[in-house]
Amino acid sequence: MNKNLETLQNKPNNWKAARDLLREYREKQARNSYEIIKYGLPLINKKSQKLSKEELFEVMEQVFLAGLDVNIEESKTLLLKLQKQFPKSLRVTKLSGLLEEAMGNWKSAITIYKSILKNNPSDQIARKRLVCVSKAQGDVVLTIKNLNNYLSHFQGDTETWEELLEIYLTQQCYSKALYCCEELILAEPNNYQHHYKIANIYYTIGKRTDLIKARQYYAHSIKLLKEQNLKSYYGLYLTANKLKSLYSKNLDQSETQINEQLLQFAADKIKNVYLKLEDNDTKKTVLDFFEKNK
Amino acid sequence: MSQFHLSNSTHIQLLLHATKYFSEPITGLLLGPKIKNISSTSTIQITSCVPLFHSNAFTLSSNVDLALTLVSTFCESNDLSIIGVYHSSSDNNSQDLPSPIKKIGETINKMTKTSVVLIIDDQKLKKGKEQIAFKAYCYRSKWINVKVSSLSQKNFQQGIEELSSEENEKDVLVIEEEEEKVQEQGKNKNSKFLKNCQFQIGDHEALVEKFKKFLSEEKFRQIVDFEEHLQNPELDFLTQNIN
């Protein structure tokens with residue numbers, strides 16, 4: 001468990017631990033809204049003189065964002081303070097847009113972002129927020145359109161490709177999701193997560209050729225990350241198992257042999273992960289399963 | 001009349017799962033004692049749940065196949081059955097059944113000969129109205145919305161009894177309210193309640209109280225789902241220790 005968090009649970013008034021915890025969350029961009037509100041608010045309200053001016057405003061922004069998830073009234077108060085301090089700030093204007101979004105005032109949010117884009121047409125955040133507004137309203141078609149529009153300007157933005165990928169998944173447009181995933185692999189060829197994801201999509205489409213591709217991508221994901229990659233080992237096992245049970249007639253001898261080897265390799269790796277762990281129901285179940293499916 | 005019973009402890013666990021990942025879609029499985037012979041009059045108990053995902057992983061059959069395989073192995077050795085699936089989408093606009101969830105439900109139906117889907121909307125609890133925070137769908141060759149009603153604790157323990165006493169007045173109101181909604185949606189055939197199937201939960205007031213208590217104690221942090229387990233295998237997702 002996090003050291004600062006542990007200190008805070010015993011001594012909730014330790015402002016140094018609170019400050020360090022919030023710093024850490026800012027660096028990691030962690031969305032632990034409950035904790036940020038719980039320890040950030042007292043920091044702003046009671047210990048503000050302990051922080052440097054720059055950090056205080058950063059903490060205020062951080063707590064404001066957490067408040068949108070947890071306690072919107074606090075966010076309103078904080079925004080007023082920030083607006084007073086920085087009446088012309090673009091950054092604060094964007095925060096006011098977020099507040100409107102959190103309250104469901106889509107129209108005023110859109111107005112704010114459009115006015116930002118009018119003066120700064122290349123502002124990526126405002127453009128992205130517009131996509132988020134359409135997503136929050138549940139308008140899938142418009143969201144996909146906006147995302148594609150955004151990507152035609154900023155092809156290299158992996159975050160947006162990921163967003164589009166997720167939306168295609170919710171609509172079961174697997175072939176389009178595949179395309180997004182290929183873009184992600186092109187942009188970040190060494191990220192095992194993308195290889196794992198595309199393997200999952202191929203598995204879901206599920207024809208014989210797709211399963212073989214899925215197996216390749218799971219294997220590649222494992223090649224990129226050999227330890228701490230349990231999910232890819234499971235994927236490899238599952239795919240090889242499915243190929244064996246559904247298509248064993250269509251595979252020639254060398255193919256069958258390779259498949260069998262991969263199946264055994266993945267099963268051994270998975271078992272080894274669990275054998276090291278302390279006993280619990282999950283461990284017992286997994287080992288039971290492999291015992292039955294030897 | 002076939003009945004589903006959802007225990008309060010399970011009900012709270014799925015609400016806690018939704019609370020832990022309030023900004024993501026969540027999915028999990030519902031378990032109950034092993035069903036041997038199912039008939040149209042059976043009462044099916046839901047006594048525990050297995051939280052699975054907090055992402056769009058439910059749309060990918062690789063994740064779903066794996067989870068179902070492991071959970072059914074667990075069920076076999078513990079005399080349990082998978083009864084159904086619960087899901088909450090991250091945007092509260094959509095209340096209908098996503099088709100991957102239907103597919104999971106139908107797979108479960110093949111395995112256990114019965115299946116129920118719960119679509120959670122925990123906003124219903126937050127707004128101070130304190131209504132039942134999910135809709136139930138039952139599989140009868142297609143998905144049909146079923147009545148959800150709350151029983152007082154006493155009746156729940158005794159089993160199924162007629163809703164007659166005064167203390168159940170409130171619960172009856174809940175049913176009527178749901179029925180009004182159905183009448184509004186009357187044009188849509190799929191949203192009609194199935195008359196010979198009921199979904200019952202325990203004492204709802206007690207549940208709301210306990211849920212609030214758990215929230216203040218931040219119990220939702222103790223929920224572990226399958227996706228977390230894959231990241232950190234030490235975490236046990238099959239047994240949730242929340243009391």
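What is the mean pLDDT of chain A? The mean is 92, and 100% of the residues of chain A reach 70 or more, where pLDDT is the predictor's confidence in each residue, from 0 to 100. This is a predicted model, in which local features need pLDDT of at least 70, side-chain atom pairs count only at pLDDT 80 or more, and totals for chains, interfaces and linings use all residues. Residues are numbered from 1 along each chain as its sequence is written, while chains are lettered from A and ligands numbered from 1 in the order in which they are written.

**View 1. The open sheet of chain B has 9 strands with mixed pairing.** Strands are DSSP runs of E with at least two residues, and helices are runs of H or I with at least four, both numbered from the N terminus. The strand order is β3-β1-β9-β8-β7-β6-β5-β2-β4, and two strands pair if DSSP finds at least two bridges between them. Because β3 (43-46) and β4 (48-53) of chain B each have a single partner strand, they stand at the edges, and one side of each is left without a neighbour in the sheet.

**View 2. Strands β5 (residues 80-88) and β6 (residues 116-120) of chain B run parallel.** The two strands are joined by 4 bridges, and H87(B) stands opposite I119(B) in β6(B).

**View 3. Helix α1 (residues 8-20) of chain B packs on the sheet.** This helix touches several strands, including β1 (2-6), β2 (26-33) and β9 (197-201) of chain B, where a contact requires C-beta atoms, placed from the backbone, to lie within 7 Å.

Note on methods. Two residues are in contact if their C-beta atoms, placed from the backbone, lie within 7 Å. Axes are lines fitted to C-alpha atoms, for helices over the stretch in contact, and angles run from 0 to 180 degrees between N-to-C directions.
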